There are 2 protein chains.
Amino acid sequence: MDASALQLIIPVAGIVAVLFALYLARDVLSRDPGPAAMQDVAGTIYEGAVAFIRRQYTTIAALAVVGAVVIGVIISLVESSAQVAGTQIFGVDLGIRTGIAFIVGAACSMASGIIGMFISVKANVRTASAARRSLVEAVQVAMRGGAVSGFLVVALSLLGVYGIFVAFGGLTDPAQAPFLIVGFGFGASFVALFAQLGGGIYTKAADVGSDLVGKVEAGIPEDDPRNAGVVADLVGDNVGDCAGRGADLFESTAAENIGAMILGVGVYAVALAAGWPNPAAWIFFPLVVRGFGLLATIVAIFFVRGREDEDPMNMLNRGYWVVTILSVAALALVTNVMMQTAGQTGASGIPVWVYFFGCGVVGLATSVVFVYITQYYTAGSYRPVREIAEASKTGPATNIISGTAVGFETTAVTAIAISVALFLSHWLGDLAGLKSATGANVGGIFGTAVATMGMLMTTAYILAMDTFGPITDNAGGIAEFSRAEAGAREITDRLDAVGNTTKALTKGYAIASASLAAFLLFSAYIDKVNLILASRGEPLMTSVNLANVNVFIAALLAAMLVYFFSSLAIRAVGVTAQSIIVEVRRQFREMPGIMDYSQRPDYARVVDITTRAALRQMVLPGVVAVGTPIVIGLLLGYEAVAGMLMVGTISGVLLATVLNNGGGAWDNAKKYIESGNLKDENGNVLGKKTPAHAAAVVGDTVGDPFKDTAGPSLHVLVKLLATITLVLAPLFIR
Amino acid sequence: MDASALQLIIPVAGIVAVLFALYLARDVLSRDPGPAAMQDVAGTIYEGAVAFIRRQYTTIAALAVVGAVVIGVIISLVESSAQVAGTQIFGVDLGIRTGIAFIVGAACSMASGIIGMFISVKANVRTASAARRSLVEAVQVAMRGGAVSGFLVVALSLLGVYGIFVAFGGLTDPAQAPFLIVGFGFGASFVALFAQLGGGIYTKAADVGSDLVGKVEAGIPEDDPRNAGVVADLVGDNVGDCAGRGADLFESTAAENIGAMILGVGVYAVALAAGWPNPAAWIFFPLVVRGFGLLATIVAIFFVRGREDEDPMNMLNRGYWVVTILSVAALALVTNVMMQTAGQTGASGIPVWVYFFGCGVVGLATSVVFVYITQYYTAGSYRPVREIAEASKTGPATNIISGTAVGFETTAVTAIAISVALFLSHWLGDLAGLKSATGANVGGIFGTAVATMGMLMTTAYILAMDTFGPITDNAGGIAEFSRAEAGAREITDRLDAVGNTTKALTKGYAIASASLAAFLLFSAYIDKVNLILASRGEPLMTSVNLANVNVFIAALLAAMLVYFFSSLAIRAVGVTAQSIIVEVRRQFREMPGIMDYSQRPDYARVVDITTRAALRQMVLPGVVAVGTPIVIGLLLGYEAVAGMLMVGTISGVLLATVLNNGGGAWDNAKKYIESGNLKDENGNVLGKKTPAHAAAVVGDTVGDPFKDTAGPSLHVLVKLLATITLVLAPLFIR
């Protein structure tokens, strides 16, 4: 097979995946939406979600248009003032292209978020309804609903990057085009930042607020229809967990893809000089790999099946293994066909492609390792969660202390796994022996990019599993709310527990890909800076020197930004929750019929209040996230920005790990106790309504804004740092 | 005045300070130790503290001897294998010297910790006794007791560094000696690590354990004599807060002093080449500045006085301002006399010394800024603590969430203040225009060292204020325990509140000095590495390149180490507390007379159990702290170690800030509620025994191991990273 033939897989796989998503959507929508009671509450959730998304995306769209114009103008002005060399595209032309790429990236991200969320608020009630009949059917409905999101996010990101790449001359001048499309990644991050922040604040404020005012103050159960905040809580699962994570992974795939293509340019130059058959293949490689990842995921979806008495997690795991194994096979094919070196070999006479195949396998293996690490730290059957549950016996304080210790501890395996993956892929890439004209070995860094691309092959499947979470969570809420039969609720409870695990897994996956990509995005930034320096005839940046005081200061401020941003996000949840508490209290007071079910609470009003408050609260952290890197870059220069990027990424990834895993462990420690697994010294079960359970509920509540607002927002922040610096690099070079 | 005459101030000030400490100790010991009931409990505390310290320091001494031998052998072997150039001292000779310096550093650190703690367990009962008569007298006794620690720590560190410097030929070959004494700093950090860990684990385990089993389980008040754990709690204040912080600041002053002298060698070369009058003055400068700081502190101690109705904090602040103002004057004198440049000026024709005087003032100002930042974030009268208190109304979960947000938020001003200080001092140093033979401007980095030295001038006073904390805390406990008259208890309560603030201030100060020193220690490491590379005839390290994958991996692992180490420290508190709970429960069960005061609990047994458990628990985090940098260095090499050092410092400083300030704010939010400052919506006071107070107690308990174990241990870890890499640099160069 020929490399350029293989490139055709990019649009083909993208379009096939979109069509398959439409097929799945039709399939889900054709299912039985259940009895009227279910449809009623589902309709309310749907309305609330649509209202929030409409208002949120209107705001974001306005911000994105302003952002695009500002960026376009800045790039035009800054680049025009530089010396323009050769045929490269600079100045106003570059400014316009960057602005357009930004808008396209933003639009694709918004589209995938909106469509995915639309399906998931339709799939929730159908999952609840299916649970009345069959576990397997419920799993399939939820997973297919989730897969709509998964496929759309990944396919739109692939088609978007490819489309803008082709539009900006990628087929004729492949070495220049990757630098022109960085705006796409920035647009995607920009949208993701606000989508994740707004959704994350909404979901946890609604959750914490309605729990505090309902469970704690009024003493009514969770998801009880008398609580006016409960619909807002169910809406929140969709707009936060579902739309937010979709936007997060959209920008991950886009930004890392573009970064990998920029690094591919370095290998392209090597291939061109050496006269290898298809030099451009090195630039197209990241896109082709992802195309195959989509196809593998389509196959895998059909393997999500099983027996009625089987653990639903097994069904999902089966699909995950299918996509992983198919991806390994596809990797072998793609590296073999595309990485042709006219007989040149790497170390020990082994063909070059073999080394990069190894890098890709390292990436896929890292993804598997993270799945197991996350399970170990957040699932009830292992030491960490049991430790937190035991600590709950002596009250909320020891529960919190223990959970914090567990959260901190999780950074160890995370950092070690990432270090091993980076080291191995860099080492394998080095062995491939790709020497540039200046004698530098460009294979090592490209190896880390290939590992990242390998890891991203499974993104669509991971995202489907993730969206499975809020869909089943909602299905459980709908079943509870509509007082469905006990059998259905038993099934939705089981699915909900699995959904908690898959949500945690996705966060682990997102973190792993962000850290693995950190080095490649950092290298892409250096390449971009050097391109500009070269065009101005200035000496290139050959190192980022930590011994330079400005680099140190930027690094310190970046590490600080990570904490400060998290602080703002956590505080935003508190402020928003407060407004919900006030409103629900008012309804209890002014509508006395609520408590005896004779009056229906005004759910819509709470949804509306939460929407307004969450959107207001997302502005400050968003502005801080976008503004800080720009200020640091303007004050301290482009070398300092590199230090900021690197240390900000390291700090952000680790703090997100702490927040995500700590939160997940607290959540499951509560569930562990609720399932009757905790016993006192005499062997009596300490279950619900015991002080130990109350202590575990405190831990769960603390973990909520950590794992669902601050942690996921940090993923986005880390990638935003990368895309913003990539786009605005010219601004920082004085 | 002549520069070499000024150098005499070093031994003179050191000896005067030791004599003054002895005078203060005599003064404190001559005071009335109070009635028999007080002396009885104080005696028990004294015995427990001495027992712990004896066992702890026996362990540490054994570890230190092993450490010294291992380090001596390693340095001998590694350096011997290197090419020895010129007259420089390498090989076995260097190995022996490093081992000796290590032992001397360790011994001085242990001596100052032991003597300081001995006085503070004598001052506590005398403070309690004085409180029966007069507030001012109680303040003076506590402050003088604290000052004994402060003077001994700083003077022994000064005399130790100076003594070993002179012994290793500092007077004849000043440019070489600073590199020979790095072992002193490592010895000091090594002791500090275990002193802080052991003491920190002990104090918080005793605090948390006896609170949980007494207040929560048995329902008896804090510090109640029926609680068998209460003496262990009072012992803990001394061994943790007092001995631990003493060891922490001992190594800070030592390590930063040695680092500054190493940077002084660079300026020495410039001065020698330019033929300036007294080149060695640049190396002696850091020691001379600290000598004057000691003298200024002696004067300041006499200004700690006031009226009976005055806020005790004012009396302490008065002394602090005196030492600060005198330090500015001394700085002007020292820079003017010692920095003679034979007419060469810096930018704008301003004399060189003026620029460095400015750097020193920047350091002193930073210290003042940190005092106010810490007060803002941890004192009850400002927004952050009030916010946490308000959040307590909705339960422990919102209290914890709010406190976490505050803790995260505090990194912002901290990082910005440090950045400004570093930037200004580097900029001023640059303007001084000290050009090395290669044309490099060595003034910038030296400027940051001068700023650090300026900041350290007030260390003795700060440490006196810090030790004031545990002394008054103990005095309160003794008064409560011995059922002293209400007037005395009212005074000790006021002093205790002030002590909480001064303890928080010291932590802020320790963090600020650690961050300011980070850059200088980092630069000293590079100087040391280059000295070795030059001796082996290899190319020098001119930059620490973050784009090198090994540097990135080391940085990631260093950031992880900070979390992992904290996790181990926090967990150690939990395990140790558990053993206390089990023992106190056993005593309640088997000695039924305890509850009606007819039986005396076995306090000593709890002290003994806590001692054993704390010492066992300090081993793992200690080994991880010492081992990780060595492993990283051996695997990834000397450039990666530089990345580890820098990113580890940044991460450690910020996480310590979060833990210290978060913990302090939680503590004071509880006190804010106890003082009756929190009101519900109808204006009713929500004081003790309300759910809001219970929620605040949870926050306080969570904050305890954060602010008194993990946070302070991180200070030590950060400095240990610097000293360990400085000493073992030869091992990492392959």
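This report walks through some salt bridges in the predicted model above.

Local features here need pLDDT of at least 70 and side-chain atom pairs count only at pLDDT 80 or more, while totals for chains, interfaces and linings use all residues. Residues are numbered from 1 along each chain as its sequence is written, chains are lettered from A in the order in which they are written, and side-chain values use heavy atoms, with hydrogens and water left out.

Let's start with the overall count: a search of the whole structure finds 70 salt bridges over all chains. A salt bridge here is a side-chain nitrogen of Lys or Arg within 4 Å of a carboxyl oxygen of Asp or Glu. Three of these pairs are set out below.

| Pair | Closest N and O atoms |
|---|---|
| A:Arg55 and A:Asp608 | 2.7 Å |
| B:Arg318 and B:Glu310 | 2.4 Å |
| B:Arg612 and B:Asp608 | 3.2 Å |

The salt bridge between A:Arg55 and A:Asp608 links helix H3 (residues 36–81) of chain A with helix H18 (residues 603–617) of chain A, so it ties together parts that are 553 residues apart in sequence. Helices are DSSP runs (H or I, at least four residues), numbered from the N terminus.

How exposed are the partners? Buried means under 20% relative accessible area, exposed over 50%, and partly exposed in between (1.4 Å probe, protein chains only). A:Arg55 is partly exposed at 30%, and so is A:Asp608 at 26%. In chain B, B:Arg318 is partly exposed at 32%, whereas B:Glu310 is buried at 7%.

B:Arg612 and B:Asp608 both sit in helix H18 (residues 603–617) of chain B, four residues apart, or about one turn of the helix.

Definitions and conventions:
Helices (H or I, at least four residues) and strands (E, at least two) are DSSP runs, numbered from the N terminus.
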